[in-house]
Amino acid sequence: MFDGFELRDVTVAPGIDLRVRAGGRGPAVVLLHGHPRTHTTWYAVAPRLRDAGFTVVCPDLRGYGHSAKPEPDPEHQVYCDRAMAGDVVSLMTQLGHDRFAVVGHDRGSYVAFRAALNHPERVASLAVLDGVPIVEALERTDAGFAEAWWHWFFFAASPHAERVVTADPLAWYRPDATAMGAENHADLVDALQDPATVVAMIEDYRAGLHVDRGHDEQARAQGRRVECRTLVGWSRHDDMGQLYRDPAAVWEPWCRLPVESAVIDSGHHMAEEAPEQLATLLVEHLRPTVPHGPMDTGAESVSAP
């Protein structure tokens with residue numbers, strides 16, 4: 001995996017080191033994974049972006065993979081999206097990138113969104129994949145959402161969550177080496193063996209239903225919006241379209257500029273299932289001023305109203 005990329009730990013805050021893989025030359029883009037993945041989920045996407053002329057940075061988020069796992073706090077501030085976004089901005093500073101694009105999938109989409117919202121002077125463009133703002137998801141919660149996404153509420157509210165998941169994390173997550181790729185699978189399995197990883201990932205969800213929701217509500221009340229160009233993408237064979245019909249429309253009030261959107265022909269883990277389509281779509285988003293002809297990305301474009 002990641003031939004030609006450098007793997008190292010970078011200190012982004014006191015006591016917080018992120019495991020990071022980076023490579024390439026050109027405009028910088030940071031790729032943020034979702035739950036319960038590590039940065040290796042991007043193994044087939046990152047080289048394509050590098051070959052397209054980008055510096056590509058793939059960290060394990062705070063608490064995930066082999067990044068630092070600070071002790072949780074009762075208020076769930078330690079694992080909130082604001083803290084994780086601060087990690088990402090600090091990481092890019094340490095690597096020498098004043099401006100960068102940020103792409104986030106699943107839980108990583110919330111961190112990417114918060115980075116763009118809180119640090120507009122640093123984030124040149126944003127791509128959010130398989131996610132809507134947490135407050136929007138919670139305000140639309142009904143019985144169908146609760147049944148399909150029950151893990152949100154189990155992680156966030158059950159005092160038994162850590163005990164249940166750490167008892168047999170592989171039985172809980174059921175990672176599939178064939179679907180994921182052998183090395184990506186091995187990296188995730190290794191991370192899941194550490195109970196601190198499970199605790200940290202659960203704390204991410206606890207922050208989501210409390211701290212992160214509050215931060216979204218505050219930003220909305222203040223009329224704050226993402227100032228950069230934004231791409232919203234979602235998987236055709238996951239449930240985002242069923243839940244929100246047009247997820248890009250959910251994002252529009254949060255973005256100053258018209259939202260770009262696309263449907264990826266994959267299941268939820270699009271970076272592993274449709275890496276060529278996703279990489280092509282991201283290059284199209286990241287390089288909007290480069291002249292090009294019609295582009296067949298394999299993704300269905302959705303025009304924003």
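1. A cavity here is a set of points, on a 1 Å grid over the protein atoms alone, where a 1.4 Å probe fits but cannot get out. Grid points are joined across faces, edges and corners, and the volume is the space filled by probe spheres set on the points. This is a predicted model: local features need pLDDT of at least 70, side-chain atom pairs count only at pLDDT 80 or more, and totals for chains, interfaces and linings use all residues. Residues are numbered from 1 along each chain as its sequence is written, and side-chain values use heavy atoms, with hydrogens and water left out.

2. Asp 81, Tyr 110, Phe 113, Arg 114, Ile 134, Asp 212 and Asp 216 line the second largest cavity; lining residues have an atom within 4 Å of a point. Two or more of these residues come from each of helix 3 (107–118) and helix 11 (195–221). Helix 3 gives the largest share, 3 residues. Helices are DSSP runs (H or I, at least four residues), numbered from the N terminus.

3. By class, this second lining has 3 nonpolar, no polar and 4 charged residues. Ala, Val, Leu, Ile, Met, Phe, Trp, Tyr, Cys and Pro count as nonpolar, Asp, Glu, Lys and Arg as charged, and the others, Gly among them, as polar.

4. The count is 2 cavities of 30 Å³ or more.

5. Glu 272 lies in helix 14 (residues 270–273). Glu 272 is buried, with a relative accessible area of 10%; buried means under 20% relative accessible area (1.4 Å probe, protein chains only). Its side chain makes a polar contact with the side chain of Thr 41 at 2.7 Å. A polar contact is a pair of N or O atoms within 3.5 Å; within protein, one must be able to donate a hydrogen and the other to accept it, and residues adjacent in sequence count only if both atoms are side-chain atoms. Leaving out residues up to four places away in sequence, Glu 272 touches Arg 37, Thr 41, Ala 179, Met 180 and Asn 184 (heavy atoms within 4.5 Å).

6. In helix 15 (residues 275–286), 16 Å separates the first C-alpha from the last, close to the 16 Å expected at 1.5 Å a residue; the expected span is 1.5 Å times one less than the number of residues. Helix 15 is largely enclosed by the rest of the structure, because 9 of its 12 residues are buried. Among them are Pro 275, Gln 277 and His 285.

Methods. On a 1 Å grid over the protein atoms alone, a cavity is a set of points where a 1.4 Å probe fits but cannot get out, and a pocket is an open set with protein on both sides within 12 Å along at least five of seven lines; lining residues have an atom within 4 Å of a point. Buried means under 20% relative accessible area, exposed over 50%, partly exposed in between (1.4 Å probe, protein chains only).
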